[in-house]
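I opened the notebook to record what I looked up in this model, one topic at a time. The sequence and structure come before the entries.

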Amino acid sequence: MKMKIVKIASLLTVLLTGLAYLYISFQPSMRFADPSPNERLDTMRNYACYHDRIYSGTSNIDALFLGSSPTFRALDTDLAEQAYNIVHGQRPEFFVFGTALGNPGLNYFYFRDYLANNTAPKVALIEVTAIASLGKKPRYVHPFTADIAPLYIYLDVLDSWSFVRHKIFAISDFLHLFIRHIDRSLGKLLVADYQFTVPEGDNCATENSNDYWDVSKVDEVISFKQMLASEIEKVTPDIPANTVGTLDGLLKTYEGNNSMLQLIQSSWIQKVPLWTQHEGRERSLDYYRRIVALGAKHSVKVGFYILPSVLRPEPAENEVRQLEEELGAPLFLLPADYVRVSYHHYSDRAHVTQDFQPAYAVWFASLFDNLAKRG
């Protein structure tokens, strides 16, 4: 009898310890400790800062930008703040959540948790990200969900949606994701020098940056349109105007860059419609609409934008307007002439180089201005 009591007590201890660890593993300070330890050094995200911005309760940001790695690489928030200051004489505060392979579900939870813990921003701008099958099953879930998402995102997986044929498969996907979370969490215990929780203190501290624009050389009255045209002119390639953004022009620009030449020559140019009829479209739109609804509830002006890709042309106007109607919020695109210039400034198939960041900074600042002025 005594041995039976000891066995039961031991079993309960193990069970309670496991449940306690599982609970702790879903706390924000653990989820954001280091969700991407193998990320390239030149593109590393400060997930500890993401945690602080969302959960510290002290953030007071004017505009949130939510997107994927193209947004993370294109948007230098310091430059965008400077651009706004040049036009309006006041400097807002911007912050970008740009997770690799970012998707609507991930951006929804960033936005929802931010609003639950902080003063609502004036504006939220969300990248319309590509829809694709991501990683292993459940294939419609972001690869980082098991690392950084709160439990309510897991519960969304229990919804069957149109592409999960039966509720039993939705339950299977939920268990698959849940087990993946446990596996990844326990696996990190075996990594040497791994940081298990977000460090205390200010994880968002940055060095003072230099002003990109010399105010003394900027006209007293200048518009975003003028600034953007000026920045585009600086990065327009020195080739015949009718070849800018064409295959011939790009072959000249990327001469000697074998990886880009291979991409362009093999894929130029993918004639794909805006947001194909992929099975995940319904689910993506659902998350975007939830973001719009959250914005309305908290008096945040929400807008969306599409970033071009060197291998994907500008979408047709009728497709843009249709998607804008489906989203229920404004949808912005970089002007087509400027998009063609941007094609000459890519480091790979999806990410612009740093020399195009000032142009994007002006454009993003103009989007904030556009939305903030709307009634």
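The entries below go from a strand to charged pairs, then to nonpolar cores and aromatic rings.

**Ground rules.** I am working with a predicted model, in which local features need pLDDT of at least 70 and side-chain atom pairs count only at pLDDT 80 or more, while totals for chains, interfaces and linings use all residues. Residues are numbered from 1 along each chain as its sequence is written, and side-chain values use heavy atoms, with hydrogens and water left out.

**Strand β3.** I looked up helices (H or I, at least four residues) and strands (E, at least two), which are DSSP runs numbered from the N terminus. Strand β3 covers residues 123-127, and five of its five residues are buried, where buried means under 20% relative accessible area, exposed over 50% and partly exposed in between (1.4 Å probe, protein chains only). From β3, V123, L125 and E127 point one way, whereas A124 and I126 point the other way. In a regular strand the side chains alternate between the two faces of the sheet.

I then checked the neighbours, taking two strands as paired if DSSP finds at least two bridges between them. Strand β1 (residues 63-67) pairs with β3 in the parallel sense over four bridges, and F65 stands opposite L125. Strand β4 (residues 301-306) also runs parallel to β3, joined by five bridges, and there V302 is the bridge partner of A124.

**Salt bridges.** I searched for a side-chain nitrogen of Lys or Arg within 4 Å of a carboxyl oxygen of Asp or Glu, and the whole structure gave 13 salt bridges. In one of them the side chains of D78 and R91 meet at 2.4 Å, N to O. D78 lies in helix α5 (residues 77-88) and R91 in the loop between α5 and β2 (94-98), so the pair ties together parts that are 13 residues apart in sequence.

I also noted R290 and D156, whose side chains meet in a salt bridge at 3.1 Å, N to O. R290 lies in helix α13 (residues 281-297) and D156 in helix α8 (residues 151-156), so this pair ties together parts 134 residues apart in sequence. R290 is partly exposed at 21% relative accessible area, but D156 counts as buried at 10%. The charged end of R290 also sits over the ring of Y108, 5.0 Å from its centre (the rule asks for NZ of Lys or CZ of Arg within 6 Å of the ring centre and within 35 degrees of the ring normal).

**Nonpolar cores.** I looked for sets of buried Ala, Val, Leu, Ile, Met, Phe, Trp, Tyr and Cys residues joined through side-chain atoms within 4.5 Å. The largest core has 55 residues, of which F32, F109, Y110, F111, V302 and F304 touch the most other members. Helix α6 (residues 104-117) gives the largest share of this core, seven residues.

**Aromatic rings.** Which way do the rings of F26 and F178 meet? I used the rule that rings of Phe, Tyr and Trp (its six-membered ring) pair if their centres lie within 6.5 Å, with planes under 30 degrees apart counted as stacked, over 60 as edge-to-face and the rest as tilted. The centres of F26 and F178 are 6.0 Å apart and their planes lie at 20°, so the pair is stacked. By contrast, I found Y47 and Y50 edge-to-face, at 5.3 Å centre to centre and 70° between the planes.
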